[in-house]
Amino acid sequence: MLRYLTAGESHGPALTAIIEGVPAGLPLSEEYINRQLARRQGGYGRGGRMKIESDRVQFLSGVRGGLTLGSPIAVYLENRDWSNWSLIMAPGGDARLAERVVTRPRPGHADLAGAMKYRHRDLRNVLERSSARETAARVMVGSVAGRLLEELAVEIVGQVVQVGSVSVENPELPLEELRSRLAGSRLLCADRQAEQKMIAAIDRAREAGDSLGGVFEVRAYGIPPGLGSYVHWDRKLDGRLAGALMSIQAVKGVEVGLGFAAAGRPGSAVQDEIFYEPNRGFFRRTNRAGGIEGGVTNGETLVLRAAMKPIPTLYQPLKSADIITKEPFEASVERADTCAVAAACVIGEAVVSWELAAACLEKCGGDSLAELKENWRNYLAALKEF
Ligand code: EPS
C-alpha cells in the first residue's frame, strides 16, 4: 500500500513528507524532484513569495546510492522565508507574537471556519497550514510517484486550457505535439495565441488588484485497462482521482472526460462504442468517458480537468468582520499571486501521479521495482490474450 503524510507551515522552517510503500530499487534523485518543484514555482502571474523561495529537497531516509530502499522515504524542503518569520513562528513563543496576532478573516480562505473549528484566536494558526505552500510537499510526493510511473511507461501531461475567460482552441493535440508545444510555454499552455491573451488578462487583473482562476487538464497516457475497480465505492478510480484533484487549494470542480457537458447530451452522444481488431485488441474511436468506465480504466487516455477559482487574496478590499472586536473591516493584502493556474496544473499532475501509482501497485504489487515490472509485464501479456 502506498501512503504519505506531509507536515509544515507556510512560514515555518520547512515542509516535510514521509512516503511509505515505494518499491525498492527505483532510481530516484533529489534533482528529479527539484525539477518538478521548479515547474510548480513558475508560471506567469506568481507573486513576490516565489522570488524568495527556491524549492530544493533533501532526502533524509529511504534512498541510498540513487535507489529507493523500500523503507519510508523522508523528504525535507526548507522554507527560505522562514528567516523572516522565525520569531513569529517560533515553537517556543516570543513576546513579539502578541503584536502580530491575526484577527481579521479573509473571505474565501479557511481563516474563519478553521478558527471556529479549532478554537483559535489567532488566524495565523489556521492560514499557515491551509496556505497553498503545502502543495510544494504534494509535488515532491507526487514526483516520486511520477518516477515510478515512468518505469511502467505511463506518462502524465498537464496543460492549462483556460485562464479567466480565455480558453484554448483545441486541447486534443497528439501527444508529441502537445509535449513540444508545452516545452517553451510560460503558462503550461499549448496554444500560443490563447497564451498571449491569457498573459494579457493576467496583466490586466494585476493592475486592477484582482486575481484570475482557470481550468487545467491532466492526461495520463499508457494506462492499461483494469486499474481501480467497480466493486466498491472507495475503489473506484474516478472517485479517487476526483478527490485528489478537489483537495488542491482553490479547486472548485473536477471533470472526467466530457464531465458536466455529458449531462446535456443524449445518451447516444455520450457513450464510446467498442471495436475489435486482431492486432489492436478492443478499442474505442471516441474517448468521451475520459478513459474510465464504472470506476475502472478502460485503456484509453485518462482525461481529467479541474477548475480553479481566482485566488481569494486580493489587493482589492473585501468586506469581513474581526473575530475579536466583531467590527467590520475591509480585507486587503500586501502580497499575493495574481494567477496560479499553471502552478495548480503541476500540482494536478502530482496528485494524479500519486493516485495512479497507488492503483498500479494495487494491481501488480511488488516489493522491488523488478518484481513490480515482472507483474506488470505479465498483466499486459494477459490482457493481449483476453
Ligand atoms: C498563499 C499565499 C502566498 C503564496 C503562497 C500561497 O504566500 P505568502 O503568504 O507567503 O505571500 O505565495 O504560495 C506559496 C508559498 C507556494 O509555495 O506556492 C496562500 O495564502 O495560499
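Tutor: A salt bridge is counted where a side-chain nitrogen of Lys or Arg lies within 4 Å of a carboxyl oxygen of Asp or Glu. The model is predicted, so local features need pLDDT of at least 70 and side-chain atom pairs pLDDT 80 or more, while totals for chains, interfaces and linings use all residues. Residues are numbered from 1 along each chain as its sequence is written, and side-chain values use heavy atoms, without hydrogens and water.

Student: How many salt bridges does the rule give?

Tutor: The rule is applied to the predicted model, and one of the pairs it finds is Glu 176 with Arg 179. The count comes to 28.

Student: Which residue forms a salt bridge with Glu 176, and in which helix do the two lie?

Tutor: The side chains of Glu 176 and Arg 179 meet at 2.8 Å, N to O. Helices (H or I, at least four residues) and strands (E, at least two) are DSSP runs, numbered from the N terminus. Because Glu 176 and Arg 179 are 3 residues apart in the helix spanning residues 175-183, about one helical turn separates them.

Student: Is Glu 176 buried or exposed?

Tutor: Buried means under 20% relative accessible area, exposed over 50%, and partly exposed in between (1.4 Å probe, protein chains only). Because Glu 176 has 58% relative accessibility, it counts as exposed.

Student: Is Arg 147 buried or exposed?

Tutor: Arg 147 forms a salt bridge with Glu 150, with the closest N and O atoms 2.9 Å apart. Both residues belong to helix H6 (residues 135-151), where 3 residues, about one turn, separate them. Glu 150, at 41% relative accessibility, is partly exposed. Because Arg 147 has 12% relative accessibility, it counts as buried.

Student: How many residues apart are Asp 337 and Arg 46?

Tutor: The closest N and O atoms of the salt bridge between Asp 337 and Arg 46 are 3.3 Å apart, and both residues are buried. Asp 337 sits in the loop between strand E17 (328-331) and helix H10 (341-364). Arg 46 sits in the loop between helix H1 (30-41) and helix H2 (49-52). The pair thus links distant parts of the chain, and the separation in residues is 291.
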